[in-house]
Every structure is written in C-alpha cells, then in structure tokens.
Amino acid sequence: MDVILLQLLNGLDKGGAYALIALGLTLTFGTLGIVNFAHGALFMLGAFCAVTLKSLLNLQMVVLDPIKKTAWGTPLEIKTPYVEKWFGEFGSVLLEYSVPLSILLAIPIMLLIGVAIERGLIKHFYKRPHADQILVTFGLAIVMQEIVKSIFGANPIPQPAPEIFAGSADVGAWFGMNAGAVVYPWWRMVYLGFSAIIIAGVFSFLQFTTFGMVVRAGMADRETVGLMGIDIDRRFTIVFGLAAIVAGMAGVMYTPILSPDYHMGMDFLVLSFVVVVVGGMGSLPGAVAAGFLLGILQSFASLNEVKNIFPGIDQIIIYLVAVVTLLVRPRGLMGRKGVMES
Amino acid sequence: MLKNFVNKRDLPVFLGFIAIVLLAPIIMAPLGAGYPDLLQKFAIFGIFAIGFNILFGLTGYLSFGHAAFLGVGSYTAVWTFKLLTVNVVPAIFLSTLMGGLFALLIGVISLRRSGIYFSILTLAFAQMAYNLAYSVLTPITNGETGLQLTLNDSRVIDNMFREVSKTSLPSTDFFGLSMSGFSGFYFCAVVLIICFYISLRIFRSPFGVMLKAVKSNQERMSYTGLNTRPYTLAAFVISGMFAGLAGGLMAVTDPLAGAERMQWTVGGEVVLMTILGGAGTLIGPVLGAVTIKYFENIFSSLNDSILNSFFSFMPEPMQHVFTAVAGLFVGEGWHLTLGALFVVIVVFLPGGLMEGIGRIGKLFRRGGDDGDKKEPAAKFATPAE
Amino acid sequence: MGILQVKDINKRFGGLAALADVNLDIEQSTVHAIIGPNGAGKSTLLNCFVGRLKPDTGTVIFDGTSLLGIPPHEINQAGVSRVFQTPEIFGELTLLENVMIPAFAKRDGAFTLNAWPDLRRESDIKDKAANMLADLGLGEKLKIVAETLSRGDKRRLELAMCLVQDPKLLLLDEPTAGMARADTNATVDLLKGIAASGITMVVIEHDMHVVFSLADKITVMAQGTPIVEGLPEEIRGNAKVQEAYLGGAHL
Amino acid sequence: MKKLSVNRRTVLKGSTAAGVALSMPTFFHSKAYAANFTNAPTGSSVTLGFNVPQTGAYADEGGDELRAYKLAVKHINGEGDGGMLNTIKPLSLKGNGILGKKVAYVTGDTQTKSDAARASAKRMIEKDGALMITGGSSSGVAVAVQGLCQEAGVIFMAGLTHSNDTTGKDKKRNGFRHFFNAYMSGAALAPVLEKSYGKDRNAYHLTADYTWGWTQEESIKNSTEAIGWNTVNAVRTPLGAGDFSQYITPVLNSGADVLILNHYGKDMINSLTQAVQFGLRDKVVNGKDFTIVVPLYSRLMAQGAGKNVKGIYGSTNWHWSLQDAGSKAFVKSFGQEYGFPPSQAAHTCYVQTIMYADACERAGTFNPCGVVESLEGHKFDGAGNGATEYRADDHQCFKDVLVVKGNENPTSQFDILEVVEVTPRSQVEYDPKIFGGNLGACNAGKA
C-alpha cells in the first residue's frame with residue numbers, strides 16, 4: 001500500500017514537472033505555430049539563473065594567507081562571500097534562500113531573453129515551414145548551451161534547497177498511517193505545489209483576461225484572429241515571453257532536485273515534445289493531463305514487480321504510451337483537428 | 001542509350017557528381033578532410049541523407065526515427081559478418097533488407113498520422129529501439145560496448161571456403177578488396193553514386209511527382225483517385241532501406257554496431273543535414289551531410305597550437321588575440337560554430353546551402369550584376385502579420 | 001433510374017441538422033443544379049458524395065454501387081470528380097504536372113510504384129494533359145507553378161484536372177464564384193460544351209444566370225432539405241423558392 | 001576567464017618550443033622489430049592522439065584529461081619542472097622527447113559516443129599519423145577505441161574506464177589500462193565497509209542499466225556478500241534517468257539498511273542528491289543507521305552533488321591529497337600550471353603518457369609490438385600509488401587502491417574527498433582468467 005502511495009506521489013511530482021515544461025511549449029505551439037526546439041534550452045537558462053544568483057551572492061573577497069600554502073606551493077586563499085561580510089547574518093540567509101530568490105531574477109531575465117529571441121529571430125519564422133523552425137531553434141539551443149558551457153563548465157553545479165526544506169516529511173503520519181511508512185521530501189512537495197500554482201496562474205491568465213481571451217482565440221483559429229485586426233504581433237511576443245518565463249521558473253525550482261548542467265535542456269526536449277503531443281497540440285489542459293499521466297505511468301512502470309514481468313518497460317513506457325495514445329486518439333488526449341497536421 | 005539512362009538536363013549534374021565524388025580524396029585534402037575515414041563518413045551519411053530526402057524532401061513527412069533503421073542496418077551487417085562471412089555483399093544486401101522491413105513495420109503504424117503526430121510516433125519508435133538495445137537487448141546488441149567481431153564467431157560461409165585465422169580478427173572485404181582505407185572509401189563512393197542515381201530516377205519519375213503531390217495537397221490527391229497511404233509508405237520504406245544500407249556500410253568500413261546509432265540525436269542529425277543542404281533538392285542532402293561531418297571531425301580537432309601556427313604570420317600580440325577568439329569556435333567550441341551556422345543558414349538561405357550555390361551561380365551568369373533580389377529572400381522578409 | 005441516387009440522407013453536427021431527409025435522383029447526361037441560401041447544406045451534400053463526410057443515415061448509389069464508407073480515392077476511381085469551392089490544386093507543382101497526376105490516376109489506378117521511367121517520356125499522358133490545358137486556355141502556362149495563378153485560372157486548372165479523367169459524374173461547387181462577368185460567360189460556355197459531350201454534372205451555384213443557362217434540372221435546398229425540384233422554368237416562378245431566399249434575389 | 005588566459009599562455013609556450021624542430025641523430029632500432037608499422041615516424045617528431053570528451057556530460061573531465069596530457073608532453077619534451085619524471089623509478093626518459101624525437105600531439109572530441117570516438121581516433125591515425133591513442137571517460141568508448149587501435153596497429157592507453165570488461169572480456173594486445181576496475185573497487189571497499197558498518201547488513205543496489213553498471217554491481221555484490229552482507233534487491237535504472245525518485249522510494253520500506261549506487265557522472269550526482277533528499281541517511285533500519293555507498297567516486301563529479309557526499313564511502317584511483325613524492329610532484333606541476341589540483345582522470349592520463357613514452361624509450365622502437373612487449377609485466381614505482389605493475393596476462397595495471405569518504409569539513413572546493421584507507425595491491429589482485437577474453441596477437445599494422 002505504502003509503495004503504491006509513494007509511487008503515486010512520485011508520479012504527481014514528475015507529472016508536475018512535465019506539465020510545467022510542456023505548458024510553455026504548447027503555448028508557443030498552439031498560439032504561434034512554432035516548433036520550438038529551444039524550449040529545453042530556456043528551461044536550462046532558467047536553472048542557470050539560480051546558479052548565477054548563487055554565484056553572485058557568493059562573490060568572494062580573496063585574502064592570501066601569509067603562512068599556509070596549497071599543495072602546489074602557492075599561498076592559500078581565504079575566501080569570504082561579500083554578502084556575509086556586509087550583511088552578516090542576513091547575508092547568510094540570502095545565500096541559504098538563493099534558489100527561491102532566483103525566481104525574482106529569472107522572471108525579468110527570461111522575459112528579456114524570450115522577447116529578444118522572438119523579436120530577433122522567431123518572428124521571421126511564423127510563415128516558414130516547420131522544418132526551418134526546427135533548424136533555427138535547434139541551432140539557437142546549441143548556441144545558448146555552448147555559451148552557458150563556456151561560462152559555467154560542463155559539470156553539474158549543486159543548488160541545495162533551503163535548509164528548512166531539506167529533509168522529508170512524514171506524509172503517512174498526517175493521514176494516520178504508521179510513522180515513517182510514507183515519507184516524502186519537502187522540496188518535492190514544494191515543487192508540486194509550485195507547479196500547481198503556476199499552472200493555475202497560466203490558466204486563469206488565459207481564462208480571465210482579455211489578453212488571454214485573444215490568445216485562446218488565436219489557439220483556436222490563428223488566421224481569423226489575425227484578420228480581426230488585433231495587434232497579434234505584440235501579443236505573440238508576450239506569449240513567447242510568457243512561455244520563456246514559465247520554462248525558466250520550472251528550471252529554477254527544479255535545481256535542488258537535479259543539479260543543473262548546460263545539457264539538461266536537451267535531456268528534457270524529447271520528453272517535453274512527447275508530453276505536448278500526447279496531450280494534443282495546442283491544448284493547455286491536454287498538456288497538463290498528459291504530464292501527469294506520463295509521470296504516474298512512468299513511476300509505476302519502474303516498480304520491480306512490473307519490471308519483472310516486462311523487462312525494460314521503465315525505459316520505454318513514455319514512448320509506448322505516446323504510440324498507443326496517438327493510435328487510439330489521433331490528435332492526442334485533447335488536441336483539435338488541423339493543428340500541426342501538415 | 002545514354003538518353004535512356006539520364007535525362008539530358010540532369011546529365012551535367014550527374015557527371016559532375018560522379019567526378020567530385022571520385023576525386024574527393026584530392027579535393028578534400030587541402031581542407032584537411034582527405035583521409036579515408038572521414039571520406040567514408042561523407043559517403044555513408046550522404047547515402048543516409050539522400051534516402052531521408054526521398055521521404056522528407058518529396059512528401060514532407062518529417063521522420064525523427066530514421067536512426068532506428070541505421071542502427072538495424074549496422075546490427076544486421078555485423079551479425080552477418082559474425083554468422084556468415086566477412087565478405088560485405090551479403091551484409092549489405094541483408095542490412096538494406098532489414099532496414100526496409102523495419103521501416104515497413106514502423107511506417108504502417110506511424111503513417112496513420114501526419115504532421116507533428118507522425119514525427120513523434122517515429123521518434124517514439126526510435127527511442128524505444130535505442131533504449132532497449134542499450135539495456136535489455138544486450139544479448140543481441142552487446143549494449144553499451146557495441147557489437148563487435150570476435151575470434152569465436154562461427155562465420156559459416158568463410159569456414160567453408162577459406163582459411164580462417166584463429167589468432168587475429170578478420171577484416172571485412174569485397175572479394176578480397178579490403179574495406180578499410182581508400183578502397184573502403186571507393187566502395188562507399190560507388191554505392192553513393194548508385195544511390196544518387198536511384199534518387200535521381202525517383203525524382204524524375206511519375207512516382208516522384210506523386211510524392212511531391214503528397215507534400216503539396218494530400219486531400220486533392222485522394223479526390224483525384226490516388227491512394228496516398230501506399231505512396232507515403234513506399235517512400236518511407238525506400239528511405240528506410242537507404243538508412244539500412246548506410247548503417248550496413250558503417251559496419252562494412254568499421255565492423256562495430258553501437259546502440260547510440262539509434263538515438264534520436266542521430267535521427268535528428270540527418271534531419272539537420274537534409275534541411276541544411278536543401279530539402280527536396282538532389283545534391284543538397286549530400287552537401288549537408290558533408291558539412292556537418294566536416295565540422296564534427298575537423299573543427300573539433302583544431303586546438304590552440306594549431307591555431308597559433310595558423311595565425312603565425314601575424315605579429316605576436318595579434319596572433320594571441322586571434323587565437324583566443326578563434327579558440328572559442330573550434331576544438332571544444334565546435335558545437336557553438338555548428339549551432340550558429342544552422343541559424344545563419346536558415347535565416348539567410350531558406351533553401352539551404354543549395355540556394356546559396358544557386359545564388360552564386362546566378363551572380364556569375366549575370367556577370368556580377370545583382371539586379372533583382374531572388375524570391376526566397378523576399379519570402380524571408382515577409383513579416384509575421 | 002438516374003446515375004446517382006440519393007435516398008433519405010440525414011447528417012447532424014451536434015445539435016444542428018445539416019441535412020434532413022435528402023432525396024435526389026440525378027439523370028445520366030444531364031446538368032443538375034442545386035441552389036439555395038447559404039447554409040442550406042449544398043456543400044455538405046457534395047461532401048457526402050465524395051467520401052469527405054459520412055451521412056448518419058441513408059444511401060448514396062452511384063452507377064449501381066453504394067458510395068458510403070468508401071474512401072475518396074475509390075469514389076474517384078469509380079468515375080466521380082469534384083471541383084471545390086476554393087480551388088484544391090497542387091500549388092508547388094507546374095500546371096502540366098497538376099494535370100498529369102489525375103491522368104496517371106486514371107490510367108494506372110490508385111497506386112503504382114512507377115518509380116523508374118522518366119516523367120518526360122510518358123508522352124501519352126503528357127500530351128493528354130497539355131491538350132486539356134490548351135482546351136481550357138492555359139496552354140501557354142504549362143511550366144508555371146500553380147500557386148502563382150490567378151483565382152480564375154486556378155479554377156480552370158482544377159477543372160482541367162477533373163476533365164482529364166473523363167469522369168462519369170462531375171461535381172462543381174460554385175465554378176464561377178469570384179469571376180468577372182466575361183470569365184463567367186466563358187466558363188459557362190465551356191461547361192455547356194462539356195455537358196454536350198454527355199458528362200453528367202451536379203452544379204452548386206449562386207449565380208442564377210449561370211444556373212438557368214446550364215441546368216437541365218434544379219433542386220432548391222433550404223435548411224438541409226430539398227424544398228422544390230423541377231425544370232428551370234418551373235423553379236423560376238415558384239413561391240416557395242422566393243420565400244427560401246427571403247425575397248433577397250428576384251429570380 | 002582567468003582560467004582560460006593562464007591556459008592559453010602555457011599552451012603558447014609549449015607550442016613555440018615544439019615548433020623549434022630539433023634535429024637529433026636517429027637512435028638505433030631494435031633489430032627484433034621491423035621499422036615497418038603503422039605511422040612509423042620519419043621526421044623529427046612523433047605524434048600522440050589525445051581523444052577526450054569535449055562536449056557532452058563529461059566535457060569537464062575531458063578538459064582535465066587534456067590538461068594532463070599537455071603537461072605530460074611538456075615534461076617528456078624536457079620543459080617545465082619535469083613532474084613525475086623525477087619520481088618514477090625506473091625510467092629511461094631523458095627529457096628530450098621519445099627516442100630523441102619531440103612529442104607533438106593532436107586532439108579530438110569523443111563526445112562520449114563510440115562512433116564519434118572511433119571517428120576521431122581514425123582521423124588521428126589516418127590523417128595525423130598518431131602512434132598512440134589515449135583518453136576517454138567511459139568504458140563503452142574505451143572498448144570501442146581499443147578495438148579500433150588493435151585493428152589499426154597502434155597502441156591504446158585507456159583513459160578513465162572502470163568496467164571489468166576493458167581488460168577482461170574485451171581486452172586487446174595493443175591496449176593497456178592504468179585505471180583500476182570495478183572488481184578492485186569491490187575488493188578494496190569491502191573490508192572498510194565491514195569495519196565501519198559491520199557484517200550484518202542488507203544492501204539495495206541501484207545500477208545504471210548498461211555494461212559498466214552491471215560489472216560493478218556484480219563485483220560489489222560479490223565482495224559485500226563475502227563479508228556477510230545480504231543483497232535485498234538490485235534494480236536497474238535507465239542511463240540518464242534524471243529523476244530517480246521512482247527507484248528510490250521502494251528502498252524506503254524494503255528492509256535494506258545500505259543503498260549502493262552503481263552510478264557514475266550525472267546519474268551518480270542525481271541519484272545521490274535525491275536519495276539524501278528522501279531522508280535515507282536519517283533513517284534507522286533494523287536498529288542501524290541507514291547508509292549510502294558510491295563504489296566509484298570521482299572528485300570532479302562529486303562536486304556536483306555538493307554536501308550530499310559528506311561521510312559517504314567509495315573508492316577512487318588516485319587523489320591529489322596523497323603525500324608520496326610522485327603525487328606531490330604531479331600536483332605541484334599541475335597546480336602551478338593551471339591553478340587547481342588534478343583529478344584522478346588527469347592523473348591516469350598523465351601517468352599513461354609517460355609510461356608509453358618510457359616503454360618506447362626502453363624498447364628502442366615505436367613499433368607497437370615492441371612497446372607492448374616492454375610494457376607487459378613492467379614494474380615501476382613513484383607514480384602515486386606505490387609499487388605498480390602492468391600485468392602481462394590482461395594488461396591491467398595493479399597498484400594500491402584508495403578508499404575515500406566524503407569530507408565532513410572541506411577546507412576548499414577541491415577538498416571534497418578524504419582518503420581513509422590505501423588498500424594494498426595484494427588485496428585487490430585477482431586471477432586474470434575470471435573475466436575471460438583473449439588478448440590475441442599484437443598488431444603493428446602496416447606502413
């Protein structure tokens with residue numbers, strides 16, 4: 001029983017992450033009609049906002065030790081972060097909370113990056129074939145990755161969660177189960193809550209604002225909205241910026257779970273496309289549903305009991321689900337006819 | 001006679017292609033690419049891209065799963081070497097066949113959908129093949145290490161007809177002609193020319209026009225009395241056979257088959273090659289394959305000392321600056337250059353490298369007169385609204 | 001017994017009855033016009049003939065065989081060709097290729113792996129297509145890419161693509177829409193010539209001038225149902241028809 | 001950026017010196033070996049091929065390997081402070097290159113993919129005339145390139161490869177490995193684990209689902225079961241899974257009190273970080289504190305797991321904090337050159353290059369068969385791990401193995417691991433037959 005519950009939690013947690021990544025992708029798909037292979041790279045850039053903030057906070061004053069030497073004979077460097085020097089205790093708190101604080105940095109930066117990419121490059125590609133879009137966004141993704149690599153190196157850089165979220169919670173005990181039967185890390189629950197909030201936020205933004213209404217109309221019928229004389233241009237820019245922000249925030253909050261490295265975007269790229277397509281092109285609820293569906297199925301497929309019957313099932317479950325879904329439901333879970341079919 | 005063989009209009013292109021391929025060792029030498037392995041890769045990936053172009057360039061169906069057929073071709077070839085003979089003829093025949101068979105299987109299912117849904121289906125199949133080959137199928141694929149020849153291989157046919165060494169591994173051959181080094185390249189080159197010729201015939205045939213019609217307007221096609229599914233499936237299987245053949249040739253020139261050949265990045269690479277060179281053009285895919293493989297092998301090998309000697313004609317401080325700047329784009333930075341190249345090409349040459357060549361050609365024909373800008377440039381300038 | 005018999009067709013989209021109890025009988029070698037206000041279900045009805053839509057109930061019998069549940073390409077192979085309201089052509093291909101494709105479909109069937117011979121050496125097909133284009137006044141534009149044509153020329157091209165197949169039944173969805181008067185007249189003359197060659201035609205048309213100069217028989221539809229059917233002169237003065245058009249058009 | 005400029009300057013020094021061709025009289029060639037072999041050097045220099053990952057997950061490790069190679073080339077050519085050339089005994093190198101020829105090198109990117117690595121190695125052999133190929137950061141690549149070098153008739157000195165197969169099932173006459181392997185990790189770790197955690201333990205393995213993972217799982221299982229531990233379960237995880245939560249939660253209530261992570265690189269960082277997040281280390285199972293073991297440690301990769309590595313046991317081939325003369329000399333030259341200490345991968349690559357050079361010098365020829373003969377069974381000391389031998393039967397290097405633990409109180413960002421035990425070579429030795437394979441004959445290729 002507890003095993004099932006734990007896997008369900010895992011599935012929800014994964015699902016939250018998948019849904020969050022897919023959300024931005026399906027926005028650009030559905031509204032702009034752009035196959036954005038750089039979406040994973042945006043996720044990665046978000047994660048590196050966290051790394052950047054932490055290293056900024058960690059800028060250190062270096063004093064050479066007069067006596068001690070390193071193993072290779074140069075004077076030992078004594079380093080103290082400036083923030084601690086200037087702000088004392090408060091500085092340490094800032095350092096401690098660098099990951100959640102990075103969101104504040106990520107929002108303007110990702111917006112800026114998103115707008116710059118859309119204005120500078122993507123807007124020329126709305127009418128171009130998907131293949132061209134793939135080539136240009138893929139090239140862009142590589143360029144962004146390599147720039148990050150040349151600054152931060154290729155190794156993953158640890159981004160610990162704040163100490164109060166470090167351990168795990170005895171979830172089972174809350175529901176009257178034996179102590180320790182179902183424990184789950186605090187940060188993962190924070191992440192689950194965070195994805196729920198962001199998803200709800202994006203939905204209500206699209207549901208309850210005029211801007212959102214136009215965007216939804218655009219997802220339903222791009223040409224008509226364009227014909228209505230609405231300034232689609234500016235809105236497209238904002239949508240792309242929004243997608244970048246969502247991807248970036250997902251990246252920031254994921255860093256304590258997955259130490260970020262320059263290549264992490266590519267690792268998520270295929271997965272996020274599968275989620276979007278299984279959900280149905282251009283359907284936000286579809287992407288979210290598919291995210292959770294795939295997350296939960298993947299968790300259960302990884303159980304030993306399942307793997308013993310179907311060896312290697314955990315390796316392919318995502319793709320298997322994608323194939324079955326697309327064969328049973330031609331346009332994914334909630335996709336509409338005619339979107340991205342040519 | 002020749003008129004039946006090649007269309008008059010295509011004759012110069014075809015002869016030029018043959019000449020360039022056969023002279024490649026000489027042409028490529030000044031570029032640092034005149035060594036057998038890279039030339040073989042040019043030819044093999046050229047074949048892969050030519051085949052892919054028959055599907056993607058003509059029908060517009062974008063498959064991300066062709067790496068699976070490449071991998072299947074390689075595994076088939078190595079198993080043929082292990083079980084039957086190191087003569088490459090059966091291996092090439094069987095790997096093409098297996099590539100086609102797998103393509104038939106995957107194509108029948110994937111072609112039930114179109115657009116991005118089709119792309120994701122092919123991607124899903126390739127990734128399943130890759131993940132399984134890497135892990136649970138290790139008894140067949142030898143997993144991460146890759147399938148290699150061993151001294152214990154049965155090699156039934158070889159054992160019947162020739163002396164089999166018990167101490168050293170055999171090398172693949174074509175009736176005695178070694179498949180490594182330049183002879184290996186020329187073998188691949190001949191296959192490439194044959195494949196190019198087949199592709200040329202398909203492009204110019206009624207079947208080719210039908211495939212273009214699929215890309216242009218599938219609905220009109222079916223109201224015109226044509227069943228689109230077998231056409232797309234045939235294109236898919238043909239391109240799968242090309243991929244299987246390319247995979248087989250990879251094993252022929254270097255008898256090892258690894259699972260990573262099936263990964264989506266390899267399938268993505270052939271997509272990039274085709275678009276980069278110019279999808280739907282005859283020579284473009286080969287050009288794209290050569291470009292990407294050149295970057296991967298030559299740009300990645302440039303290091304600081306090579307750069308320094310390259311810039312040695314400059315005064316020293318300038319030499320250092322140039323080395324430092326250029327160093328960002330070569331060696332470990334070769335990916336950056338490739339990525340930037342993708343962006344630049346697709347922005348300025350929507351038709352790929354072939355469009356660039358076409359424009360240069362036009363420029364020469366006009367004697368440097370750059371009168372009207374060509375229509376593709378206008379296409380790019382078309383604003384989003 | 002007509003060449004196309006339509007019995008008790010019903011088609012609903014959600015709550016809306018797009019077609020209700022449609023019965024039609026199209027006589028061989030006649031021109032049958034279907035008219036009616038927008039949303040009367042005319043195009044929906046044609047869609048049921050070519051396999052684009054499947055009616056909820058009813059039968060469509062063409063030349064003795066049912067067309068329901070048969071894929072579009074088989075319906076075409078059986079001899080039904082259609083011109084669409086917005087021209088459906090192969091935009092990226094040349095005019096000649098556009099017309100050669102249906103000619104191949106007629107000669108070789110729904111699928112042939114005809115991958116080796118050169119297209120240029122298929123002189124029968126090529127001549128046939130070129131002649132057809134010439135007949136329709138497009139003989140000068142064989143090598144032009146179809147999407148660059150004017151709307152009227154595109155329509156003519158589509159007509160050529162249908163006619164090159166020598167169809168038994170030709171379905172025309174507003175063949176003169178958007179054309180200038182002179183072009184319309186030319187098209188009417190052309191269609192008259194085709195009709196004279198004995199091809200059965202079903203025409204949807206708004207332009208009453210075209211309808212009355214072409215049709216042997218007219219069906220008026222409103223809200224998914226045929227309300228009146230008869231010879232042109234019978235339709236002209238019918239009160240029900242006036243009503244259906246809400247007095248908008250004086251016939 | 002600072003790192004980069006230091007880097008560049010040193011390279012410049014090296015290359016200008018290399019540019020000055022020294023014309024030395026050709027040494028005598030050993031009569032036993034023909035001058036007719038692949039890439040037989042004719043000029044005044046000899047080319048080595050450094051084939052390391054420059055893109056992908058192991059790019060930083062590859063970068064460190066490349067730094068070590070450049071340093072080794074400098075030392076062999078008689079530049080710099082000589083490093084381990086002063087400490088390795090016996091050594092025939094004279095600081096004037098190899099057999100009087102200056103050492104030049106070419107580099108390439110393996111991308112940690114067999115195909116790319118082989119393509120890169122082929123370029124070095126076919127185009128650049130490399131006599132020896134070395135480097136890499138994974139066993140799959142090592143086995144693939146080793147096979148290639150055997151066929152081409154050049155020497156292969158494996159880089160970082162830990163699978164038993166490299167010198168076991170897939171061993172080749174032309175290939176040598178200085179790095180240790182999974183069997184040795186298990187043999188070295190088991191006694192330390194027994195001492196710290198007792199005999200009565202229940203272990204749960206999470207294993208990367210490919211050949212290296214399997215061989216390590218098998219080796220660690222064998223050696224821990226030998227000290228009385230019980231293996232509760234061994235679960236295979238897909239390579240590059242990223243999120244391991246679905247594999248970690250079943251551990252929680254499985255009754256296991258030790259989690260063994262047979263992961264390397266990013267997989268190791270992620271599975272360890274996440275296992276700690278799930279509170280595994282705070283648990284008490286069967287009355288014992290739950291512990292985690294990472295059998296193969298790499299300092300460079302461990303940095304990515306941050307403070308999660310504290311107190312966690314593992315094994316490593318070499319560590320910069322060792323205090324023997326060889327290690328100190330190497331750390332000193334490397335640190336002065338680049339400003340930070342070398343990784344174990346750097347150490348392996350550095351030593352191997354010197355051992356190859358020395359073997360040529362001793363054999364008096366570059367002929368691979370001569371080099372193989374002089375490396376087989378070669379014994380030396382002063383390279384950082386005490387008395388060392390390249391065993392003739394399987395070309396595996398035998399030396400002391402380090403058992404390390406995540407440092408509880410690191411004094412710098414490089415001070416992540418502390419050496420808790422130097423396991424003597426005798427404890428990690430094994431019968432070469434247990435892993436099968438066949439070296440075959442040496443191949444000198446053709447001219």
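Analyst: Let us begin with the contact between two chains. In this predicted model, the contact draws 42 residues from chain A and 39 residues from chain B.

User: Which helices of chain A each supply at least two residues of the side that touches chain B?

Analyst: They are helix H6 (130-152), helix H11 (232-254), helix H12 (264-279) and helix H15 (313-328) of chain A. H6(A) gives the most to this side, with 12 residues.

User: How do the residues of the side of chain A that touches chain B divide?

Analyst: There are 26 nonpolar, 8 polar and 8 charged residues on that side.

User: Where is Asn142(B), and is the residue buried or exposed?

Analyst: Asn142(B) sits in the loop between helix H8 (138-141) and strand S1 (147-148) of chain B. Its phi is near 60 degrees, a positive value in a residue other than glycine. Asn142(B) counts as buried because it has 23 C-beta neighbours inside 10 Å, and the cut-off for buried is 20 or more.

User: What is the phi of His395(D), and where does this residue lie?

Analyst: His395(D) is not a glycine, yet it has a positive phi of about 60 degrees. It is placed in the loop between strand S14 (388-390) and strand S15 (397-398) of chain D. With 26 other C-beta atoms within 10 Å, His395(D) is buried.

Technical notes: Residues numbered from 1 in each chain as written. Chains lettered and ligands numbered in written order. Predicted model: local features only at pLDDT ≥ 70, side-chain atom pairs only at ≥ 80, totals over all residues. Contact = placed C-beta atoms within 7 Å. Helix = DSSP H or I, 4+ residues; strand = E, 2+ residues; numbered from the N terminus. Nonpolar A, V, L, I, M, F, W, Y, C, P; charged D, E, K, R; others polar. Buried ≥ 20, exposed ≤ 12 C-beta atoms within 10 Å, placed from the backbone.
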